[in-house]
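User: Please walk me through the backbone of this model and one of its helices. Keep it brief.

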Amino acid sequence: MNVLDKLKQWLPRQCHLCRITIKHDVTQNNAFHLWCASCVDRLKHTSSRCQRCGLPTLTPVPQCGQCLAHPPLWDKLYCITDYQAPLKQYIQALKYQKQFWLAADLSALLSPLIESPAPELIPVPLHWRRLLTRNFNQSEELAHHLAKQWQKQGVNCSVNHQAFRRTQATVQQKGLNKKERTRNVRHAFELRQVPLSKHIALIDDVVTTGSTLHPLCKALRRCGVETIDVYCLARTPEPK
Ligand SMILES: [Zn+2]
Ligand SMILES: [Zn+2]
């Protein structure tokens with residue numbers, strides 16, 4: 001940590017959400033730069049979820065009825081909360097306004113929810129054409145911060161950027177129904193490099209139907225990956 005960072009740590013800051021002044025407190029190890037402790041609580045999930053698909057349930061369950069009937073191709077999905085305010089605004093700012101500095105605090109909300117992180121994180125790739133207009137891939141940014149946070153805790157974890165290539169610039173999934181989404185991404189990815197680990201986590205900002213993740217999961221299973229987790233910031237309810 002350089003002198004400027006140290007100094008910044010000691011200066012009072014303003015919470016980005018409620019605007020109260022956050023004073024430096026030596027007794028509290030605040031991992032967040034943007035928010036005060038009560039706003040951090042507001043941003044985190046409150047409802048019970050299905051551990052498999054991440055959708056809200058009445059009580060926490062390993063698999064909901066929907067997952068038992070039609071299991072997704074991954075094993076567990078971790079998210080901070082539903083795709084709703086105030087988290088939603090931060091995700092949109094990260095993705096569309098290129099406020100990449102938000103990725104550190106957003107991933108710090110997610111990482112404590114994951115009890116045994118996968119040693120290899122694979123961000124969902126963007127097509128080079130979209131990457132060109134957007135300049136950065138938000139999933140890659142999140143994966144990088146998650147790995148950094150776990151490495152600091154002595155956890156073996158790294159990001160694999162090379163595993164997949166997006167071969168088709170598909171139309172945006174937003175606004176499509178489940179069937180259209182599945183068709184849209186069916187041949188959109190190519191596995192370039194077989195992952196080294198048997199336990200992989202796919203990183204995405206928001207998971208809606210999971211149709212983007214399914215072709216990736218299929219390819220990973222085909223090359224012998226045993227456990228696939230999904231780490232995402234938010235989960236939206238499935239569109240009909
Ligand atoms: Zn606050
Ligand atoms: Zn479920």
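Analyst: Just after α9, G224 has a positive phi of about 90°. This is a predicted model, in which local features need pLDDT of at least 70, side-chain atom pairs count only at pLDDT 80 or more, and totals for chains, interfaces and linings use all residues. Residues are numbered from 1 along each chain as its sequence is written, while chains are lettered from A and ligands numbered from 1 in the order in which they are written.

User: Which residues of helix α9 (residues 213-222) are buried?

Analyst: Helices (H or I, at least four residues) and strands (E, at least two) are DSSP runs, numbered from the N terminus. Buried means 20 or more other C-beta atoms within 10 Å of a residue's own, exposed means 12 or fewer, and partly exposed is in between; C-beta atoms are placed from the backbone. In α9 the buried residues are L213, L216 and L220.

User: Why do the buried residues of α9 line one face of the helix?

Analyst: An α-helix has 3.6 residues a turn, so residues three or four places apart point the same way. The arc is taken from the directions from the helix axis to the C-beta atoms. Down the axis of α9, the buried residues line one face because they fall within an arc of 65°.

User: Is R19 buried or exposed?

Analyst: R19 lies in the loop between β1 (13-14) and β2 (21-22). Its phi is positive, near 70°, though R19 is not glycine. R19 has 9 C-beta neighbours inside 10 Å, so it counts as exposed.

User: Where is the cis peptide bond?

Analyst: P86 sits in the loop between β4 (81-82) and α4 (87-96). With omega near 0°, the cis bond runs from A85 to P86.
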